[in-house]
Amino acid sequence: MKTWPMWAAGTIALAAVFHILTVFGLPYGIMNRAMAGIASQAGGVNKPVYPDRPTAEARGIVRPSPDLLYTACVYDVSARPVKLTSPVPDTYWSLSTFASNTDNFFVVNDRQVKTDRIEIILASSEEAGGNKGIPVIVAPSSKGIVLFRSLVPSEDLRAEIDAKRRQANCEPL
């Protein structure tokens, strides 16, 4: 009796199951690990962490640039909305939000912000954010990561830009 067709079918079925688990599960595993690391450095969720200047060995953020200063925060909007605030320096600056499956669902940069400070409410629904004249961004997942980036164009400006980025915050309303 030939058993190779059964082995081939079993191998294909097993490969398909592992493929599906990898494609759908790996992004959540990656984000859970990243969120746990950031939250432990910050002392919890909805608290910013201001990592040191990235080096060639730094991997807290994927492919970090030594020309950028980062501020990271694990958001949790399951109980209350989170208010994101930051000064916007006179250099490249951006705010990016990532859902629990690694999807980047919102980005704004210094060219889009018309003032020297930004305030955004991150919420689980449009109604949850209230309407205080502050834009509300609906998060597709209750937890995720907020990442602020500030370019340091020259070493002369590093201290000034670092002081501004340390004013970036994410706090529950």
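These legends describe close-up views of one predicted protein model.

**View 1**
The protein has 2 helices and 9 strands. Along the sequence, the pattern runs α-β-β-β-β-β-β-β-β-α-β. The radius of gyration is 20 Å, well over the 16 Å that the globule rule gives for 173 residues, so the protein is more spread out than a compact globule. Along the principal axes, the C-alpha atoms fill a box of roughly 75 × 45 × 30 Å.

**View 1. The surface and the contacts of the protein.**
How much of the protein counts as buried? The share is 39% of the 173 residues. The accessible surface comes to about 10,300 Å². Carbon and sulfur atoms hold 58% of that surface. The protein carries 18 positive and 16 negative charges.

**View 2. L26 in helix α1.**
Helix α1 covers residues 4-42, and L26 is found in it. Is L26 buried, partly exposed or exposed? L26 is partly exposed, because its relative accessible area of 47% lies between the 20% and 50% cut-offs. L26 and K164 are 138 residues apart along the chain. Their C-alpha atoms are separated by 35 Å.

**View 3. The largest nonpolar core.**
This core has 20 residues. Which of them touch the most other members? They are L84, W93, L95, V108, I118, L122 and V146. Several strands give two or more residues to this core: β2 (68-76), β3 (82-87), β4 (93-99), β5 (104-109), β6 (117-123) and β8 (143-151). The largest share, 3 residues, comes from β6.

W93 is one of the core residues that touch the most other members. Set aside the neighbours of W93 within four places in sequence. W93 is then in contact with S86, P87 and V88, among others. Further contacts of W93 include V108, N109, D110, V113 and I118. F148, R149 and S150 are also in contact with W93. A second, separate core has 13 residues. Among them are V49, L68, Y70 and F98.

**View 4. R158 in helix α2.**
Helix α2 covers residues 158-165, and R158 lies in it. Is R158 buried or exposed? R158 is buried, because its relative accessible area of 14% is under the 20% cut-off. Which residues are in contact with R158, leaving aside its neighbours within four places in sequence? They are R53, P66, L69 and V152.

**View 5. Two loop residues with positive phi.**
N46 lies in the loop between α1 and β1 (48-49). Phi of N46 is positive, about 60°, although N46 is not a glycine. N46 is buried, because its relative accessible area of 9% is under 20%. T102 lies in the loop between β4 and β5. T102 is a residue other than glycine, and its phi is also positive, near 80°. T102 is partly exposed, because its relative accessible area of 33% lies between 20% and 50%.

Conventions:
Residues numbered from 1 in each chain as written. Predicted model: local features only at pLDDT ≥ 70, side-chain atom pairs only at ≥ 80, totals over all residues. Heavy atoms only, no water. Helix = DSSP H or I, 4+ residues; strand = E, 2+ residues; numbered from the N terminus. Rg over C-alpha atoms; globule rule 2.2 N^0.38 Å. Buried < 20%, exposed > 50% of the residue type's maximum accessible area, 1.4 Å probe, protein only. Areas by Shrake-Rupley, 256 points an atom, 1.4 Å probe, with all protein chains shown as cover. Lys, Arg positive; Asp, Glu negative; His and termini not counted. Charge placed at Lys NZ, Arg CZ, Asp CG, Glu CD. Core = buried A, V, L, I, M, F, W, Y, C linked by side-chain atoms within 4.5 Å. Contact = heavy atoms within 4.5 Å.
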